[in-house]
Amino acid sequence: FASSAFASHVKVARSGCVRAPETLSAEAAATIPVAFLTAYYALVELARIGEGDTVLVHGGAGGVGLAALQIARNAGARVIATAGAPEKRALLASLGAGHVLNSRSLEFADEVMALTNGEGVDIVLNSLFGEAMERSIELLKPFGRFLELGKRDYYENSHLGLRPFRRNLSYFGIDADQLLTYQPRLAERLLARVMALFEEETLFPLPHRAFPADRAVDAFRLMQQAGHVGKIILRPPQS
């Protein structure tokens, strides 16, 4: 787990390293650290997810979304996921999401309330912005937890009304890169716990598509167009 990891050589803090299970290929192992550390830190460490909770996972077909789906189901939670493309929504349904909605329409908010009999959800793992983000906060039950992964509203310094927070809501802004910088011991502990779950085969690597190094432009273009599911892997060049 390191910044500038597309360089030919990278210096990595010990807290950002963990032994991969011998049963995994290097490509499969590469799908784990960022996505699963982020999802585990958000859902388990911050939101204290528990059996019977209902979780709304936006961007469910992305790396963190798919990792969150596994972690939430392992905790005994009910998952409502959103995704943009029909094939991504079909994948999420096949992987165990209880309900899958369209993230490209604000109608997801009314649909979530209908699915929960008007009660709302306990946790939102959010990557949407603007009005979609605001509507998602309104879906939280009393004592609900809002886990913000997106950065667009931060960079645009968006303003958020505080009225929903009268219901004892919690808001967490999450950036896993800062976790290793400012909380290395916590990051090391969480990474070790995540890898133990892989050793136990409680968690599994994410779907991924690998590109050779000389097709890096194609890989980034695919990511820009949100045409992938799970993770995109770049293989190192052959010396």
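The legends below go with a set of close-up views of one predicted model. Residues are numbered from 1 along each chain as its sequence is written, and side-chain values use heavy atoms, with hydrogens and water left out. Because the model is predicted, local features need pLDDT of at least 70 and side-chain atom pairs count only at pLDDT 80 or more, while totals for chains, interfaces and linings use all residues.

**View 1. The largest nonpolar core has 46 residues.**
A nonpolar core is a set of buried Ala, Val, Leu, Ile, Met, Phe, Trp, Tyr and Cys residues joined through side-chain atoms within 4.5 Å. Here buried means under 20% relative accessible area, exposed means over 50%, and partly exposed is in between (1.4 Å probe, protein chains only). Start with Phe 36, Leu 43, Leu 125 and Leu 147, which touch the most other members of this core. At least two core residues come from each of helix H2 (33-46), strand S1 (54-57), helix H3 (63-74), strand S2 (78-83), strand S4 (121-126), helix H8 (176-182) and helix H9 (184-199). Helices (H or I, at least four residues) and strands (E, at least two) are DSSP runs, numbered from the N terminus. Which helix gives the most to this core? H2 does, with nine residues.

**View 2. Leu 125 and its contacts.**
Contact means heavy atoms within 4.5 Å. Not counting residues up to four places away in sequence, Leu 125 touches Ala 42, Leu 56, Val 57, His 58, Val 64, Ala 68, Leu 147 and Leu 149. There is also a second, separate core of 16 residues, and its members include Val 124, Met 133, Ile 137 and Phe 146.

**View 3. H2 meets H3.**
The axes of these two helices, H2 and H3, come within 8 Å and cross at roughly 50°. Axes are lines fitted to C-alpha atoms, for helices over the stretch in contact, and angles run from 0 to 180 degrees between N-to-C directions. H2 and H3 are therefore oblique to each other. In words, angles under 35 degrees count as roughly parallel, over 145 as roughly antiparallel, 65 to 115 as roughly perpendicular and the rest as oblique. On the H2 side, look for Ala 35, Phe 36, Thr 38, Ala 39, Tyr 40, Leu 43 and Val 44; on the H3 side, look for Gly 63, Val 64, Ala 67, Ala 68, Gln 70, Ile 71 and Ala 72. The residues of this contact of H2 with H3 divide into 11 nonpolar, three polar and no charged. In this count, Ala, Val, Leu, Ile, Met, Phe, Trp, Tyr, Cys and Pro are nonpolar, Asp, Glu, Lys and Arg are charged, and the others, Gly among them, are polar.

**View 4. H2 meets H9.**
The axes of H2 and H9 come within 10 Å and cross at roughly 105°. That makes H2 roughly perpendicular to H9. From H2, the residues in the contact are Pro 33, Phe 36, Leu 37, Tyr 40, Tyr 41 and Glu 45. They meet Leu 186, Ala 187, Arg 189, Leu 190, Leu 191, Arg 193, Val 194, Leu 197 and Phe 198 in H9. The residues of the contact of H2 with H9 divide into 12 nonpolar, no polar and three charged.

**View 5. Tyr 40 in H2 and Val 194 in H9.**
Is Tyr 40 buried or exposed? At 11% relative accessibility, Tyr 40 counts as buried. Leaving out residues up to four places away in sequence, Tyr 40 touches Glu 45, Ile 71, Leu 190, Arg 193, Val 194 and Leu 197. Tyr 40 and Ile 71 are 31 residues apart in sequence, yet their C-alpha atoms are 6.9 Å apart in space. Val 194 also counts as buried, at 1% relative accessibility. Beyond its neighbours within four places in sequence, Val 194 is in contact with Ile 32, Phe 36, Tyr 40 and Leu 203.

**View 6. Glu 134 in helix H6 (residues 131-138).**
Glu 134 is partly exposed, with a relative accessible area of 36%. Setting aside residues up to four places away in sequence, Glu 134 touches His 159 and Leu 160. From C-alpha to C-alpha, Glu 134 and Val 194 are 31 Å apart in space and 60 residues apart in sequence.

**View 7. Asn 117, with a positive phi.**
Phi of Asn 117 is near 55°, a positive value in a residue other than glycine. Asn 117 sits in the loop between helix H5 (107-115) and S4. With a relative accessible area of 70%, Asn 117 is exposed.
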